[in-house]
Amino acid sequence: MKNSLRTTRRGAALSAAVLGASALILSACGAPPAEEAGGSGESSDYLGCIVSDSGGFDDRSFNQSSYEGLKKAEEELGIEINQAESQAETDFGPNVDQMVQQGCDLTVTVGFLLADTTKEAAEANPEAHFAIVDDNSIEADNVKPIIYDTAQAAFLAGYAAAATSETGKVATYGGINIPTVTIFMDGFSDGVDYYNEQKDADVELLGWDKEAQNGTFIGNFNDQGAGKTNTQNFINEGADVIMPVAGPVGLGTLDAVIEANEGGKNATVVWVDSDGYETAGKGEEFILTSVMKLMGDAVNEVISSDVEGDFDNSPYVGTLENGGVALAPFHDQEANVPEELQGELDEIKEQIISGDIAVESAASPK
């Protein structure tokens, strides 16, 4: 019965789209729907869709990771997929509308900034299912939040950064001052503080004051030049480990760190969202570690449940315990991470999971 309803809804939606979709809306979207399902499953009548925020699907960060989850579902479940890539916030509405017109069974919207658009589309189309990454503000039967207690993994990164700093100064900055950014910065700050407490040290954090909840922000997720300049300023102030929480802007941080190391400095980067060593495409040898949100796995899981008829609106919350968030391997930097430090990080992780160490952020899932 569920499959027949999907087929009817998609057929009607596709007919309406053919008659009424404008060239402008189509130009705002990404590639057209796949004609053939990529997997060997029996869900070719299921259309899974995704809309990026302005970072695009090649942001080497959370848009890309989420999209990879959709592609994994295509391969494993044999579903059809469609995607719409936003270049600016003005694309959000047209792109989500286009997915609805295409008859998507479930549309994944990527990012806190898409919350208002997702809410409007869900209210206007109660028969369609939506999932939104990094937002838990929508109360609707047909919207499933995918959220992360990122502060837990960022705590580990802050501890590692403080432990490996040679200058006694580390730094972080954000793209936009929103909860899904500041949650990283809060956890990182707490990790630095915990290192100082445990080691009677005085490592200084630049760029973020957790108590005041203010710090350094670029104002967007696109200006790599600003990210580079900002990082150069931190390095000039003495910071030798920098964590950008800014999507593609972080590539500017890598540029600055590459140049600094070529000039005789010894600086490293903590990447966020994905394992930057695998995704950044440059400066991998200078990436200390990454604070990962395993968004691809979550997106794939949510789609799989919907295909099986088990969709619900209860939030998926990624934690250290369930593997939804994690600290990436040290890769080329492993030689700079003593075995004793790795053991401490493993112990801290277990203490966070058990609750013996409380990691708190105003932005943590409640």
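Helices (H or I, at least four residues) and strands (E, at least two) are, throughout this talk, DSSP runs numbered from the N terminus. With that convention, His-331 is found in the loop between β14 (325–327) and α12 (339–354), and I shall return to this residue at the end.

The structure is a predicted model, in which local features need pLDDT of at least 70 and side-chain atom pairs count only at pLDDT 80 or more, while totals for chains, interfaces and linings use all residues. Residues are numbered from 1 along each chain as its sequence is written, and side-chain values use heavy atoms, with hydrogens and water left out.

Let me begin with the overall picture. The secondary structure of the protein comes to 12 helices and 14 strands. Of its 366 residues, 56% count as buried; buried means under 20% relative accessible area, exposed over 50%, and partly exposed in between, for a 1.4 Å probe and protein chains only. Among the contacts with a sequence separation of 6 or more, 74% come from residues 24 or more positions apart, where contact means heavy atoms within 4.5 Å.

I turn now to helix α5, residues 115–124. Its buried residues are Ala-115, Thr-117, Thr-118, Ala-121 and Ala-122. Viewed down the axis of α5, these residues fall within an arc of 160°, so they line one face of the helix; the arc is that of the directions from the helix axis to the C-beta atoms. The face turned away from this buried side carries the exposed residues Asp-116, Glu-120, Glu-123 and Ala-124. What do the buried residues of α5 pack against? Their partners are α4 (92–101), β3 (106–110), β4 (129–133) and β5 (143–148).

Helix α4 also contains Gly-93, which is partly exposed at a relative accessible area of 22%. Gly-93 and Thr-118 are 25 residues apart in sequence, and their C-alpha atoms are 8.4 Å apart in space.

Ile-178 is buried, with a relative accessible area of 9%. Leaving aside residues up to four places away in sequence, Ile-178 touches Phe-112 and Phe-221. Phe-112 is 66 residues from Ile-178 along the chain, with 8.1 Å between the two C-alpha atoms.

Next, a helix pair. Two packed helices are described by the angle between their axes and the distance between the axes. For α8 (residues 224–236) and α9 (residues 250–262), the axes come within 6 Å and cross at roughly 45°. Axes here are lines fitted to C-alpha atoms, for helices over the stretch in contact, and angles run from 0 to 180 degrees between N-to-C directions. The two helices are therefore oblique to each other, given that angles under 35 degrees count as roughly parallel, over 145 as roughly antiparallel, 65 to 115 as roughly perpendicular and the rest as oblique.

The residues making this contact include Gly-227, Thr-231 and Ile-235 of α8, and Leu-251, Asp-255 and Val-257 of α9.

Finally, two backbone details. Asp-273, in strand β11 (residues 268–273), has a phi near 75°, a positive value in a residue other than glycine. Is Asp-273 buried or exposed? At 6% relative accessibility, Asp-273 counts as buried. His-331 likewise has a positive phi, of about 50°, although it is not a glycine. His-331 counts as partly exposed, at 22% relative accessibility.
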